[in-house]
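Please look over the sequence and the structure shown here before reading on. The paragraphs below then lead you through some parts of it.

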Amino acid sequence: MNNILLDNTLPQVFLQRTDIRSDIWRKQVTFERGKTYLIEAASGTGKSSLCSFIIGYRKDFDGSIRFDGKDSRGLKTADWVKLRQHHISMLFQELRLFPELTAMENVEIKNSLTHFKLRKEIEGWFEALGIADKMQSPVRLMSFGQQQRVAMIRALVQPFDFLLADEPISHLDEANSRAMADVLTGEARRQGAGIIITSIGKHMELPYDKSFCL
Amino acid sequence: MRLVWKLLRRHISLPQFAGFFFANLLGMMIVLLSLQFYSDVKPVFSEEDGFIRPDYLILSKRISSLNAIGLGSVSTFSDKEMDELRAQPFAKRVGAFTASQYKVSCSMGISGVAQFGTEMFFESVPDAFVDVDLKKWHFREGDDVVPIILPRTYLAIYNFGFAQSQNLPKISEGIVGMVEMTIAMRGNGRNEYIKGRVIGFSTRLNTILVPESFIRWSNARYAPEADIEPSRIILEVGNPADDAIVNYINEKGYEMEDDKLDAGRMTFFLRLTAGIVMLVGLLISLLSFYILMLSIYLLVEKNTEKMRTLLLIGYSPARVALPYQLLTIGMNAAVLLLAMGGLCLLRSLYMEQLWRVFPKMSDGSILPAVLLGIVLFAIVSIVNAIIIRHRINQIWKN
């Protein structure tokens, strides 16, 4: 997949509103593979909705979203499964980790879909993000910041053309968010993928190609 | 898969699943056992080589007190009644008993020495119904010997009753064949003699039987005026266990020579009972199936968020549904195997009893029950799998 086009897209809950001033809603926006984007937003402007629309979790929007020109509404279940496994990886704001599994198991449950990464590489990331000692701990016993890093690693153990990170560093300090940025950009570059990051304030320091205000 | 299972097995309620398991086991056992028992016992009543072989039935009309004094309905079968009987789907062949309408007496002796004499009668049925070697079974006008078939019970009565008490020698069927009978026939102003020879014994026909051609000839000769409507009918049926026979005979007020049709009645009740029991088993199975589906729904409900996350990180609905599908199929398979085992065990117990009563009973096979079990297993498992998948699809669509 080489590009994602938001064509006149708008969450249906905003349909009645006339005061929308946004770089994304009701506009034509293209995200291209290999480039890095930042979407800054205030709370309640539909940031997580946007992510849900792109990943196919929600369909309550107006306008259309196109992957390489193909309307996302025309995708079948199998197409979405393929898209989520091979083309778009997502780091959820609410993380969506499985609390009863260990950190490593949370990553493996995803890696087992495509067997994309070797255990060694995964362990390297745990190391790089400073949570190597937590690999075998149940996720529910970890802090939110630590969980955020586990979720990051989980988002990376698949082939992707775009990485969608919804507030990836909300609970991380400077050093950790820099480590996270390194891991993320490293893997995205290796795959030649595009990065789309959303933020409501503190954002990851990356060489963004373009910033949007939602 | 291991991890997915680790995730989704959470909230599995052991009591609920155990409830399903045993209820389903009970239902399955009842269904299989009732079918198996039915198919094991049925041959006793209806199969060719069964110990009761009622494929020939002998019908007569009920003799009431009114008949006895010459009133009431006639006790013979009219042509119309015969035709009607012939038209019944269960009737393969219908034959009439024709009785001699003149006086017959017979004296017997070995090698010309007369021993004793008696008044008697003859009857005939169409040759096809006669169950002895038919080579000697013919009579043409002008023949001086008429072949006779006696009921086998006569010989038994003589040998074990009469001969024993009178110190007379017991005789075999072969010896009886050597006995020469002189038969006197009187009627229509004639008084004539013919020789008779016993050529066999019949277990089926409880009468003194001569060839049909002889009866026709002799009735015309000695009693040309007589009305020869038959009072008894022999009926060959395809399946003696057919309920339709009993119903028809009761409806017409006919009487059976003996209780052979009890087999038919018993098969009917056997089928009815087996049917009811099987229905109860199916009902229990259905309820257990319902319990399982409720448990699965509850389980899916409790694990909905996890399943949604699995779907969002790239798991397909089929893969998310698989653990629960395998779980139910596994349980159904375990139920099937246990039910089969239980069936074999119980069957060996009751078969032992049955063999004691009916030693000739064939071994039979458990194939019908096994097939039914597999079919039930397949249906239940497929429906389970479809419902689970359907539920996951709903989660996919939110």
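In what order do the four strands of the open sheet in chain B lie? The order is 2-10-1-11, and the pairing is antiparallel, where strands are DSSP runs (E, at least two residues) numbered from the N terminus and two strands pair if DSSP finds at least two bridges between them. The edge strands, each pairing on one side only, are strand 2 (91-96) and strand 11 (254-256) of chain B.

This is a predicted model, in which local features need pLDDT of at least 70 and side-chain atom pairs count only at pLDDT 80 or more, whereas totals for chains, interfaces and linings use all residues. Residues are numbered from 1 along each chain as its sequence is written, while chains are lettered from A and ligands numbered from 1 in the order in which they are written.

Within the sheet, strand 1 (residues 56-61) and strand 10 (residues 232-237) of chain B pair in the antiparallel sense over five bridges, and B:S60 has B:R232 in strand 10 of chain B as its bridge partner.

Turning to chain A, we find A:I54 in helix 1 (residues 47-55), a helix being a DSSP run (H or I) of at least four residues. A:I54 counts as buried because 22 C-beta neighbours lie inside 10 Å; the cut-offs are 20 or more other C-beta atoms within 10 Å for buried, 12 or fewer for exposed, and partly exposed in between, with C-beta atoms placed from the backbone. The C-alpha atoms of A:I54 and A:L6 are separated by 9.1 Å, although these residues are 48 residues apart along the chain.
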